[in-house]
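Subject: Structure handover

Hello,

Here is the structure I promised to pass on. Please open it alongside this message. My notes follow below.

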Amino acid sequence: PAPGVKQSIIQLLDNLALEEQSNLNQLPLLNRYSDAAQWLKLVEPLLPATIEGMNVQELRNDNGIVQLLICTEIDYPDEVHELEQECFIVLKGKCRCYIEDDIAELGAGDFISIPMYKHHDVRVVEPVIAVVQRINVA
């Protein structure tokens, strides 16, 4: 394969290996291949006893990468990112993600990447546990 493709594959494999290690001190990046069950196992000690309102915990904030654990029974308000790439994976629950005119139905195990410069919000169908990742591109 081309050098860039080979490097991307190696980075993806390294990232998946980090995911399997389940270490809150060295979190992998989220991607479409992320394992929701493994992430749920990883964050389990941080989960509230019950989901009431919205609970947000910072998991990682370094090198322009922020990862948040969000447990919510309420909708996440409209926002738009001009300097960050955002994605999230649903670990439990169900929600609808509205990205301007598009709607994505998401449940446990589903991953979505939010395009920059697009208004988006999330409406909770069943209480949700998710990991949100934002990478600063500025």
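How many cavities of 30 Å³ or more does a search of the whole structure find? The search finds one. Before the details, please note that this is a predicted model.

**The cavity**

The largest cavity holds about 190 Å³ of space. Its lining is made up of 16 residues, and those closest to its centre are I70, Y76, F88, V122 and V132. Strand β7 gives the most, with seven residues. By type, the lining residues of the cavity are ten nonpolar, two polar and four charged.

**The chain as a whole**

The chain has 138 residues, and 38% of them count as buried. Its secondary structure comes to two helices and seven strands. The order is simple to follow. From the N terminus, the elements run α-α-β-β-β-β-β-β-β. Take the contacts with a separation of 6 or more: 59% of them are between residues 24 or more positions apart. The accessible surface comes to about 8000 Å². Carbon and sulfur atoms account for 50% of that surface.

**The largest pocket**

There is also a pocket to look at. The largest one has a volume of about 190 Å³. Its lining consists of L29, L30, N31, Q85, E86, C87, F111, S113, I114, Q133 and I135. Strands β4, β6 (111–114) and β7 (120–136) each supply two or more of the lining residues. Six residues of the pocket lining are nonpolar, four are polar and one is charged.

**Helix α2**

Helix α2 covers residues 36–43. Is α2 mostly covered or mostly open? It is mostly covered, with six of its eight residues buried. The buried ones are A36, Q38, W39, L40, L42 and V43. Look at the start of the helix too. There, a side-chain oxygen of D35 comes to within 3.0 Å of the backbone nitrogen of A37.

**H81**

Where is H81 found? H81 sits in the loop between β3 (76–79) and β4 (84–99). Why does H81 count as buried? Its relative accessibility is 9%, and the cut-off for buried is under 20%. The side chain of H81 makes a polar contact of 3.2 Å with that of E79. Another polar contact, of 3.0 Å, joins the side chains of H81 and E84. Leaving out residues up to four places away in sequence, H81 touches E86, M116, Y117, H120 and R134. One of these, E86, is also named in the lining of the largest pocket.

**I129**

I129 is found in strand β7. It counts as buried because its relative accessibility is 7%. Which residues is I129 in contact with, leaving aside neighbours within four places in sequence? They are L47, I51, L69, I70, C71, I89, V90, L91 and K92. Of these, I70 is among the residues closest to the centre of the largest cavity. I89 and I129 lie 40 residues apart in sequence. In space, their C-alpha atoms are 8.8 Å apart.

**Where to look**

Then turn to the loop between β3 and β4 for H81.

Best wishes

Key:
Residues are numbered from 1 along each chain as its sequence is written. This is a predicted model: local features need pLDDT of at least 70, side-chain atom pairs count only at pLDDT 80 or more; totals for chains, interfaces and linings use all residues. Side-chain values use heavy atoms; hydrogens and water are left out. Helices (H or I, at least four residues) and strands (E, at least two) are DSSP runs, numbered from the N terminus. Buried means under 20% relative accessible area, exposed over 50%, partly exposed in between (1.4 Å probe, protein chains only). Contact means heavy atoms within 4.5 Å. Accessible areas come from the Shrake-Rupley method with a 1.4 Å probe; for residues, only the protein chains shown count as cover. A polar contact is a pair of N or O atoms within 3.5 Å; within protein, one must be able to donate a hydrogen and the other to accept it, and residues adjacent in sequence count only if both atoms are side-chain atoms. On a 1 Å grid over the protein atoms alone, a cavity is a set of points where a 1.4 Å probe fits but cannot get out, and a pocket is an open set with protein on both sides within 12 Å along at least five of seven lines; lining residues have an atom within 4 Å of a point. Grid points are joined across faces, edges and corners, and a volume is the space filled by probe spheres set on the points. Ala, Val, Leu, Ile, Met, Phe, Trp, Tyr, Cys and Pro count as nonpolar, Asp, Glu, Lys and Arg as charged, and the others, Gly among them, as polar.
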